[in-house]
Amino acid sequence: MLWAIHCLDAPGTAELRAAQRPAHSARLNATPVRPVLYGPLVAADGTTAVGSLIVVEAASREQVEEFALADPFAVSGVWERVDIQAFAPSQRSPVRLAEEAARAARAPEGRP
C-alpha cells in the first residue's frame, strides 16, 4: 500500500534542515519502507524549503509512522507537523501506469 507523508517545517529551522539533510537523505535509502517519491515542499519563491512530501510503499501505517518519526528531520525538530495518509493513485496516474508496465514485462509471454 502507498502512503503519503506530508511534513511542515518549524519556523526558523532552515539551518537545522541543511545540517540534517545528509542524514535524512541517507535514511531514505536505507529503510524497510520503499520510497516511491520524495522531495521538499517549497515556498512561492520555488527554492525555500517549508516541509517535505514523501510517498512510500509499506505494509502498515505503523511501519510508516516508525519510519517518519525516526527520520533525522523529525528527531531534530525540523518538522513541526507530520501527517500520514493512505494514498491510492488514480487509474491514469503515471506511477500506476509504470507499475502495470513493469508487471507486464515480468509476466511470462501470453499471461497477464
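Residues 24 or more positions apart account for 67% of the contacts in the protein with a separation of 6 or more, a contact being heavy atoms within 4.5 Å. The model is predicted, so local features need pLDDT of at least 70 and side-chain atom pairs count only at pLDDT 80 or more, while totals for chains, interfaces and linings use all residues. Residues are numbered from 1 along each chain as its sequence is written, and side-chain values use heavy atoms, with hydrogens and water left out. Of the 112 residues, 29% count as buried; buried means under 20% relative accessible area, exposed over 50%, and partly exposed in between, with a 1.4 Å probe and protein chains only.

**Overall layout**

- The protein has four helices and four strands; these are DSSP runs numbered from the N terminus, with helices being H or I of at least four residues and strands E of at least two.
- Along the sequence, the elements follow the pattern β-α-β-β-α-α-β-α.

**Strand pairing**

- β1 and β3 pair in the antiparallel sense over seven bridges, where pairing asks that DSSP finds at least two bridges between two strands.
- Within β3, E57 is the residue that L2 stands opposite.
- Strand β2 (residues 34-42) also pairs with β3 in the antiparallel sense, over eight bridges.
- From β3, V56 is the bridge partner of P35, and I54 is the bridge partner of Y38.
- The hairpin of β2 and β3 has six residues between the strands, and G46 takes a positive phi near 80° there.

**The nonpolar core**

- The largest nonpolar core has 16 residues; such a core is a set of buried Ala, Val, Leu, Ile, Met, Phe, Trp, Tyr and Cys residues joined through side-chain atoms within 4.5 Å.
- The residues with the most contacts inside this core are I5, I54, V56, V64, F67 and W79.
- Two or more residues of the core come from each of β1 (2-9), β3 (49-57), α2 (61-69), α3 (72-76) and β4 (79-87).

- How many aromatic pairs does the count come to? There is one aromatic pair, by a rule in which rings of Phe, Tyr and Trp (its six-membered ring) pair if their centres lie within 6.5 Å; planes under 30 degrees apart count as stacked, over 60 as edge-to-face and the rest as tilted.
- F73 and W79 form this pair, which is edge-to-face, at 5.6 Å centre to centre and with 80° between the planes.
- F73 counts as buried because its relative accessibility is 1%, and W79 counts as buried because its relative accessibility is 7%.

**Helix α1**

- α1 has 15 residues and reaches 20 Å from its first C-alpha to its last, close to the 21 Å expected at 1.5 Å a residue; the expected span is 1.5 Å times one less than the number of residues.
- A kink of about 50° lies at Q20, shortly before the proline P22, the bend at a residue being the angle between axes fitted to the seven residues ending there and the seven starting there.
- Which residues of α1 are buried? They are R17, H24 and L28.
- The cover over these buried residues includes β1, β2, β3, α2, α3 and β4.
- H24, in helix α1, is buried because its relative accessible area is 8%.
- Leaving aside neighbours within four places in sequence, H24 is in contact with I54, D71, P72, F73 and W79.

**Two more positions**

- T13 is found in the loop between β1 and α1 (14-28), and this residue is buried because its relative accessible area is 11%.
- Not counting residues up to four places away in sequence, T13 touches G77 and V78.
- The C-alpha atoms of E66 and V33 are separated by 9.9 Å, and the two residues are 33 residues apart along the chain.
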